[in-house]
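Welcome! Let's take a friendly walk through some helices, looking at their shape and their neighbours.

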Amino acid sequence: MTTYVDSSALVAVYVPERFSKAARGAVRNVPQVPFTQLHELEVPNAFELLVGRGLISREECRAIQSQLRDDLETQRLAPVSLDLERVFTSASELSHVYTAKFLTRSLDLLHVAAAQLTMCVRFVSADDRQLAVAKAAGLDVVDIKRPGRRSRS
């Protein structure tokens, strides 16, 4: 696995939204995408938020969750168990080096740390600050807000 997909970009793969086409394009040729404990919480939670906000129906949510389960069963999304202590330590180190410069949120740092610890070299997201840290940390970044724009460190 070489490509890490932030939760918001992964949600865009399953739910039609503004960046869905770019998100799907970014993972189209990736055989397996790591699916961490962070994703396990955030992705289904995002689906529930969409129901709560009235943007999708409960039935649509069930169908989306079924697609997610199918991708997990077929290993398109590959469950990866992270050592959360290492993830938090790495995220703290990233914070010390980059947060004052990029104003990055802690959850974004956790995803960048997870990408590094899963040995991914490519990071997909729509979050400018998160992408800035990922790039500064040496990852090849793909910004789904700006399709076709990849940046190497």
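## What covers helix 5

Helix 6 (106-117) and helix 7 (128-136) are among the elements covering the buried residues of helix 5. Helices here are DSSP runs of H or I with at least four residues, strands are runs of E with at least two, and both are numbered from the N terminus. Contact means heavy atoms within 4.5 Å. The buried residues of helix 5 are Val-87, Ser-90, Ala-91, Leu-94, Tyr-98, Thr-99 and Phe-102, where buried means under 20% relative accessible area (1.4 Å probe, protein chains only).

This is a predicted model, in which local features need pLDDT of at least 70, side-chain atom pairs count only at pLDDT 80 or more, and totals for chains, interfaces and linings use all residues. Residues are numbered from 1 along each chain as its sequence is written, and side-chain values use heavy atoms, leaving out hydrogens and water.

## A bend in helix 5

At His-96, helix 5 bends by about 45°; this is the angle between axes fitted to the seven residues ending there and the seven starting there. Just after helix 5, Leu-103 has a positive phi of about 60°.

## Helix 6 and its partners

Which residues of helix 6 are buried? They are Asp-108, Leu-109, Leu-110, His-111, Val-112, Ala-113, Ala-114 and Ala-115. These buried residues pack against strand 1 (3-5), helix 1, helix 3 (37-52), helix 5, strand 4 (122-125) and helix 7.

Just after helix 6 comes Met-119, with a positive phi of about 65°.

Notes: Buried < 20%, exposed > 50% of the residue type's maximum accessible area, 1.4 Å probe, protein only.
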